[in-house]
Amino acid sequence: MNGNLQTSAAVNSSSLWRRLARATIGEPSNLSEEAEQDLIRTAAEHGVSALLDRRVHEGVLAGLSSASTDALRAESRRLAALDLALNQATLKFVDLLAARGIDVLLLKGAALAHLVYDDSYLRPRSDIDVY
């Protein structure tokens, strides 16, 4: 019985991941209220709420309830504020090292956030990886 529960959870998780992936590219889907709440929760857990919010406001992703779009907007604003603080800390850190003649290479999250995404807050991160 335990194996069946795990299999069922894996199928539900897989389905949720597919819905989340489709939502990030703006593919509409008719979701039940429960499925929509799961989608919004999963987006927050995996750091793509701001991306979904962007898709909503670009008009690419439609059909979400106002409660869901409000939740996405609130999370997006929270991530943008955190991103601003992290960017300021990164600049201060890099400037301090440069003033001491130490070359720095930003890796992973910080580099990706600025090189790949239109806005760095769309790539949430919680630390600074340097070499």
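Tutor: What follows is a short talk about salt bridges in this predicted model.

Student: How many salt bridges does a search of the whole structure find?

Tutor: The search finds eight.

Student: What makes Asp119 and Arg54 a salt bridge?

Tutor: Their side chains meet at 2.3 Å, N to O. The cut-off is within 4 Å, so the pair qualifies. Asp119 sits in the loop between helix H5 and strand E2, while Arg54 is in helix H3, 65 residues apart.

Student: Why is Arg54 called buried?

Tutor: Its relative accessible area is 17%. Buried means under 20%, so Arg54 counts as buried. Asp119 has 31%, which lies between 20% and 50%, so Asp119 is partly exposed.

Student: How do you know that Glu75 and Arg78 are separated by about one helical turn?

Tutor: Because they are three residues apart in helix H4, residues 66–99. Glu75 is buried at 17%, whereas Arg78 is partly exposed at 42%.

Student: What makes Arg125 and Asp83 a link between parts of the chain?

Tutor: Arg125 lies in the loop between H5 and E2, and Asp83 in helix H4, so the pair ties together parts 42 residues apart in sequence. The closest N and O atoms of their salt bridge are 2.8 Å apart. Arg125 has 17% relative accessibility and Asp83 has 8%. Each value is under 20%, so both residues are buried.

Student: Which residues do salt bridges that share partners join into one network?

Tutor: Asp38, Arg41 and Glu45.

Key
Residues are numbered from 1 along each chain as its sequence is written. This is a predicted model: local features need pLDDT of at least 70, side-chain atom pairs count only at pLDDT 80 or more; totals for chains, interfaces and linings use all residues. Side-chain values use heavy atoms; hydrogens and water are left out. Helices (H or I, at least four residues) and strands (E, at least two) are DSSP runs, numbered from the N terminus. Buried means under 20% relative accessible area, exposed over 50%, partly exposed in between (1.4 Å probe, protein chains only).
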